[in-house]
Amino acid sequence: MIKNKFYILLFLLLGTVVFAQQKPVQATVDSTKIKIGSQFNLTLKTTVDSTTQVYFPDSKTFGYLEVLESYPVDTIKKANQYELIKRYGLTQFDTGKYTVPQLPVIINNKQFLTDSLAIQVMGVVVDTTKQQMYDIKPVITVKKPISNVWKYSIILALIIGAGFLVNWLLKRYQNKDKKVEEIYATPIEKATNLLQNLEKKELWQNGDVKSYYSEMTDITRTYIEETIQVPAMESTTAELLAALKEAVIKKKMGIKKDTFETFEKILKNADLVKFAKSKPLDFEIASDRKNIEGIIFTIEKSIPKEVEQAIVDERLRKERLIKQQKVRRILIATGTSLVLFIAAFTYFLSTDGLDFVKDKLIGHSTKDLLKGEWVKSEYGEPSVIIETPKVLKRFNDERVQTNLPANIKSTQKFLYGSLIDNFSIAINTTTFKDSLQADNDAILNENIARFEKTVGAKGIIVKTDDFEIKDGFTGKRGYGTMTIFNPAKNEDERMEYQIIIFSQKFGIQEIALVYREGDENAKEIADRIVKSIELRKVTE
């Protein structure tokens with residue numbers, strides 16, 4: 001009886017071992033003890049035939065453990081079966097004991113759970129006797145850097161502003177001793193207008209008789225000085241009258257004696273007001289004002305023709321002088337701006353190098369691009385690995401990103417140059433939410449239509465062929481020529497283009513190259529770029 005029980009127990013133990021060996025999914029880890037934040041790998045294995053459908057778990061966390069990386073499934077053929085291997089990179093940022101929970105694996109619509117596994121996360125021991133401790137650094141506000149476009153725009157605006165400032169200062173300096181009356185065409189027009197403006201001020205009506213007589217006599221003296229060329233402004237009353245009489249006789253102007261007497265009386269009244277604080281009566285002031293205007297018109301009528309011509313010549317001379325001063329101001333202001341521009345150009349050339357100047361101000365020739373240092377980079381998702389003369393810059397259109405079609409997960413675009421530059425490159429990647437087989441021909445037609453819509457391309461010649469790269473990816477290539485209007489040159493230019501499209505189960509990768517027709521350097525660049533294309537395969 002005891003012997004029979006022994007055989008039964010042995011049979012049950014052997015059955016348990018066999019059952020364990022036949023578990024459909026095995027779970028293992030490469031380490032059961034890790035330091036905080038370190039990665040360890042979880043591996044799930046199952047062996048199935050070619051018709052079996054297997055779905056491994058897809059999550060950002062497994063229990064309290066964070067999934068850092070979910071690697072593609074590896075397949076190993078064993079006789080008539082396949083071993084599927086799925087790996088995950090996991091971690092935890094707190095110390096303690098954790099468990100990789102039982103994970104569900106779906107095999108032919110049937111769920112199987114993996115074994116749970118224990119993981120210990122250990123902290124990093126710091127020896128404070130050897131490692132000095134420091135206080136926590138305060139929060140520092142970092143100023144947002146000014147974009148290059150704004151920086152260069154501000155510098156250019158300052159240079160132009162400096163030119164305008166120099167012009168304004170020169171104009172102010174040249175005009176500091178000039179009076180407003182220079183805007184009048186003739187001395188008589190200036191004198192009559194200034195007398196009218198004097199009356200509008202109502203100086204004597206408000207008790208300021210001194211200022212009134214001073215301005216009135218100054219207007220008259222200026223008129224006499226400009227018409228008869230007598231130094232009236234610097235002369236005393238007696239000197240002015242003597243010089244005026246002499247000039248009238250010399251120029252045969254025929255001014256009567258009573259005009260001189262009236263003028264002498266007004267000048268003496270003005271001297272009394274200014275120096276003896278005399279105050280004429282209102283009717284006397286009005287009479288002097290009327291007489292002054294009459295004296296000015298009397299002199300104007302008596303001016304000989306040769307004197308009138310001299311006045312005209314003097315006016316023309318002043319106009320020429322004003323024009324010369326204006327031209328001089330413009331030349332100096334332009335020269336100042338040019339010097340500042342050269343200084344800024346030299347500064348950026350010395351600090352940022354020739355590449356900066358070519359990128360931002362001049363633009364690279366295709367020879368420079370071909371002979372320069374090339375860059376190999378990875379762009380987008382699903383990514384395109386490509387070698388180019390310059391790094392491509394991400395182009396983000398918020399309108400596109402916020403209005404993606406329902407089946408599009410993401411789209412990314414990277415650019416160098418534009419369609420009217422010596423050479424331009426564009427990479428566009430699109431990721432689908434679900435499996436979708438895109439139509440390469442339709443995508444190519446959309447790109448051609450985009451040429452017509454965005455830059456008004458015309459006369460487009462399209463040739464197509466199947467395209468394959470070294471990794472075994474096959475796609476569609478469209479190439480040919482088109483005419484684009486170049487606004488910088490104000491003329492049409494014939495351009496060559498290549499558009500290469502790869503479509504995968506979950507995404508699309510597009511590469512477009514545009515360059516001037518007949519540019520041999522550009523063709524070499526395009527060939528080198530095309531030969532360098534590598535693609536990342538899209539996974540679920």
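**Exercise 1. Is Ala79 buried, partly exposed or exposed, and what is its relative accessible area?**

Solution. This is a predicted model, in which local features need pLDDT of at least 70 and side-chain atom pairs count only at pLDDT 80 or more, while totals for chains, interfaces and linings use all residues. Residues are numbered from 1 along each chain as its sequence is written, and side-chain values use heavy atoms, with hydrogens and water left out.

Step 1. The classes are defined by relative accessible area: buried means under 20%, exposed over 50%, and partly exposed in between (1.4 Å probe, protein chains only).

Step 2. Ala79 has a relative accessible area of 65%, so Ala79 is exposed.

Step 3. Ala79 lies in the loop between strand E7 (74-78) and strand E8 (81-91). Helices (H or I, at least four residues) and strands (E, at least two) are DSSP runs, numbered from the N terminus.

**Exercise 2. Describe the protein as a whole.**

Solution. Step 1. The protein contains 12 helices and 22 strands.

Step 2. Of its 540 residues, 35% count as buried.

Step 3. Contact means heavy atoms within 4.5 Å. Among contacts between residues at least 6 apart in sequence, 59% join residues at least 24 apart.

**Exercise 3. Determine how helices H3 and H7 are arranged, and which residues meet.**

Solution. Step 1. Two packed helices are described by the angle between their axes and the distance between the axes. Axes are lines fitted to C-alpha atoms, for helices over the stretch in contact, and angles run from 0 to 180 degrees between N-to-C directions.

Step 2. The axes of H3 (residues 187-201) and H7 (residues 282-302) come within 11 Å and cross at roughly 175 degrees.

Step 3. Angles under 35 degrees count as roughly parallel, over 145 as roughly antiparallel, 65 to 115 as roughly perpendicular and the rest as oblique. H3 and H7 are therefore roughly antiparallel to each other.

Step 4. On the H3 side, the residues in contact are Ile188, Ala191, Thr192, Leu195, Gln196 and Glu199. They meet Arg289, Ile292, Glu293, Ile296, Phe297 and Glu300 of H7.

Step 5. By class, this contact of H3 with H7 has six nonpolar, two polar and four charged residues. Here Ala, Val, Leu, Ile, Met, Phe, Trp, Tyr, Cys and Pro count as nonpolar, Asp, Glu, Lys and Arg as charged, and the others, Gly among them, as polar.

**Exercise 4. Classify the aromatic pairs Tyr212 with Tyr213 and Tyr379 with Phe414.**

Solution. Step 1. A pair of aromatic rings is described by the distance of the centres and the angle of the planes. Rings of Phe, Tyr and Trp (its six-membered ring) pair if their centres lie within 6.5 Å; planes under 30 degrees apart count as stacked, over 60 as edge-to-face and the rest as tilted.

Step 2. The whole structure holds seven aromatic pairs. One of them joins Tyr212 and Tyr213, at 6.0 Å centre to centre with 85 degrees between the planes, and is edge-to-face. Tyr212 counts as buried at 1% relative accessibility, and Tyr213 at 0%.

Step 3. The ring centres of Tyr379 and Phe414 are 5.2 Å apart and the planes stand at 55 degrees, so this pair is tilted. The pair links distant parts of the chain, 35 residues apart: Tyr379 is in strand E13 (residues 375-379) and Phe414 in strand E16 (residues 408-416). Tyr379 is buried, with a relative accessible area of 4%, and Phe414 is buried at 6%.

Step 4. Tyr212 and Tyr213 also form one aromatic cluster with Trp204.

**Exercise 5. Which rings lie under the charged ends of Arg477 and Arg528?**

Solution. Step 1. A charge sits over a ring if NZ of Lys or CZ of Arg is within 6 Å of the ring centre and within 35 degrees of the ring normal.

Step 2. The charged end of Arg477 sits over the ring of Tyr479, 5.2 Å from its centre. For Arg528, the ring is that of Trp374, with a distance of 3.9 Å to the centre.

**Exercise 6. Examine the backbone at Pro382, Ala79 and Gln229.**

Solution. Step 1. Most residues other than glycine have a negative phi, and most peptide bonds are trans.

Step 2. Glu381 and Pro382 are joined by a cis peptide bond, with omega about 5 degrees. Pro382 lies in the loop between E13 and strand E14 (384-388).

Step 3. Ala79, although not a glycine, has a positive phi of about 55 degrees. Gln229, also not a glycine, has a positive phi of about 60 degrees. Gln229 belongs to the loop between helix H4 (209-228) and helix H5 (237-251), and counts as partly exposed at 46% relative accessibility.
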